[in-house]
Amino acid sequence: CLPRLTELILGGNKMHTLTEGQFNEARFPSLRALESPGQRQLTRIEKNAFAIRGLNSLNLNYNPQLKFRDDDSVSGESLSGCPNLTSLSLIDTDFRGVREERFKRLFGHLTNLTDLFLRSTMISHVTSGMFISLTSLRVLDLSDNKLFYLPQAVFHPLPSLTRHNLS
């Protein structure tokens with residue numbers, strides 16, 4: 001137990017899997033920010049790998065082997081223990097084939113999310129239903145993706161949006 005730890009940076013390690021309960025309140029009761037960028041070998045995140053109600057910021061950038069399209073790589077409940085997450089950064093991960101229902105299963109419960117970074121994730125389409133519960137979102141970065149069509153009113157469910165990058 002690390003009772004005073006508020007920020008944990010794990011970048012550059014060689015972890016392949018984040019297991020259920022690996023980051024939980026019993027072990028990290030004060031953790032507010034967790035960064036695990038650049039693992040490059042991270043391929044799996046299990047159900048409830050992140051179970052810290054007070055966690056505000058999660059950065060899993062530059063883990064291109066993380067495939068969000070199915071539970072074999074990233075459990076749909078991997079973030080269910082972090083309802084107060086406000087910032088989520090998944091830059092250079094793999095969102096190919098992620099459809100609306102899957103997106104909502106992964107992120108729909110994150111109603112306090114204000115910043116979402118999905119740059120360079122190979123997203124090819126978005127729907128308004130994907131963002132329906134993310135009404136607190138202020139920053140959305142979908143830059144450097146493979147978007148070929150944006151439905152009319154796709155971002156209407158985001159009344160708080162102030163910065164949006166589609167470049």
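Hello everyone. Helices (H or I, at least four residues) and strands (E, at least two) are DSSP runs, numbered from the N terminus.

First, some ground rules. This is a predicted model, where local features need pLDDT of at least 70 and side-chain atom pairs count only at pLDDT 80 or more, while totals for chains, interfaces and linings use all residues. Residues are numbered from 1 along each chain as its sequence is written, and side-chain values use heavy atoms, with hydrogens and water left out.

Now the overall picture. The protein chain has one helix and eleven strands. Starting at the N terminus, the order is β-β-β-β-β-β-β-β-α-β-β-β. How does the radius of gyration fit a compact globule? For 167 residues such a globule would be near 15 Å, and the protein chain has 15 Å, so the two agree. That radius is taken over C-alpha atoms, and the globule rule is 2.2 Å times the number of residues to the power 0.38. The C-alpha atoms fill a box of roughly 50 × 30 × 25 Å along the principal axes.

Of the 167 residues, 46% count as buried. Here buried means under 20% relative accessible area, exposed means over 50%, and partly exposed is in between (1.4 Å probe, protein chains only). As for contacts, meaning heavy atoms within 4.5 Å, take those in the chain with a separation of 6 or more: 75% of them come from residues 24 or more positions apart.

Back to Asp71, then. Is Asp71 buried or partly exposed? Asp71 is partly exposed, because its relative accessible area is 30%. Leaving aside neighbours within four places in sequence, Asp71 is in contact with Arg44, Gly76, Arg102 and Arg105. With Arg102, the side chain of Asp71 makes a polar contact of 2.7 Å. A polar contact is a pair of N or O atoms within 3.5 Å; within protein, one must be able to donate a hydrogen and the other to accept it, and residues adjacent in sequence count only if both atoms are side-chain atoms. Asp71 and Arg44 are 27 residues apart in sequence, and their C-alpha atoms are 8.8 Å apart in space.

Next stop, Ser120. You will find Ser120 in the loop between strand S9 (115-117) and strand S10 (139-141). Ser120 counts as buried because its relative accessibility is 19%. Which side chain does Ser120 join through a polar contact of 2.6 Å? The partner is Asp144. Beyond neighbours within four places in sequence, the contacts of Ser120 include Asp92 and Thr93.

That brings us to Asp92, in the loop between S8 and helix H1 (100-107). Asp92 has a positive phi of about 60 degrees, although it is not a glycine. At 21% relative accessible area, Asp92 is partly exposed.

Ala153 also deserves a look: its phi is positive, about 65 degrees, and it is not a glycine. Ala153 is found in the loop between S10 and S11, and is partly exposed at 34%.

Last, Leu161, which lies in the loop between S10 and strand S11 (163-165). Not counting residues up to four places away in sequence, Leu161 touches Leu137, Arg138, Val139 and Leu140.
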